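My entries follow the display.

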Amino acid sequence: VIAVTAENDVLAVLAVDRRYESAVETAEMIREAGGVCEPFAADITDEAACRAMVAETAERLGGLDILVNNAGVAGAGRAEQMELSAWRAVLAANLDAGSIAAQAADPLVKARGGGKVIHIGSMYSLFGSPFSPAYAASKGAIVQLTKSLAIAWARENGSPEKGREEEGNWMMAGVITGLAKTDPDAATELA
């Protein structure tokens, strides 16, 4: 998850990873490129930790303007072979965490007059995956969650066309379609 605040046209980022060392590496890369970044460790599958991550962003960086949920746990395994616990772990990271973070971000973004919540989908959001159905299902669901949030936030202002200055967006990351057709194993590795 990437949580961002924009102050004086400078983006400040809270780089979040379940391993603190990885968050520090990300923060150092952003700083080396001239950005402002703080590392933060959180298990986003834990509701309290996910909400704390969002609150910590506002506290450390002076507010919250943009929330980017880019969690992606693949959970490889065919549907008929996948244990329920593995299925739930993928959905907890890829879907539940995005929903919890968006809920926690909503009042913070409203307090600043608007902002963005961006969830990262996948090409598997559209065409599924025989090798990781939990991943495909979670990414398809995050796209629908984002659309639902955008509609709800727009209607809060009484106009689906106008909306308030808070947006829900999704972006799709994935593999080149030709690669998936010609080499399914390579496509699975890249997902």
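**Notebook: salt bridges**

I began with the accessibility of R60, which at 36% relative accessibility counts as partly exposed (buried is under 20% relative accessible area, exposed over 50%, partly exposed in between, with a 1.4 Å probe and protein chains only).

I note that this is a predicted model, in which local features need pLDDT of at least 70, side-chain atom pairs count only at pLDDT 80 or more, and totals for chains, interfaces and linings use all residues. Residues are numbered from 1 along each chain as its sequence is written, and side-chain values use heavy atoms, with hydrogens and water left out.

I searched the whole structure and found six salt bridges (a side-chain nitrogen of Lys or Arg within 4 Å of a carboxyl oxygen of Asp or Glu).

I looked up R60 and E38, which form a salt bridge with their closest N and O atoms 3.8 Å apart. This pair links distant parts of the chain, 22 residues apart: R60 is in helix α2 (residues 47-61) and E38 in strand β3 (residues 36-41). Helices (H or I, at least four residues) and strands (E, at least two) are DSSP runs, numbered from the N terminus. E38 is partly exposed, at 32% relative accessibility.

I then checked R60 against E56 and found a salt bridge at 2.9 Å between the closest N and O atoms. Both residues lie in helix α2, four residues apart, about one turn of the helix. E56 is partly exposed at 21%.

Lastly, I recorded a salt bridge between E80 and R78, at 2.8 Å from N to O. E80 is exposed at 57%, whereas R78 is partly exposed at 38%.
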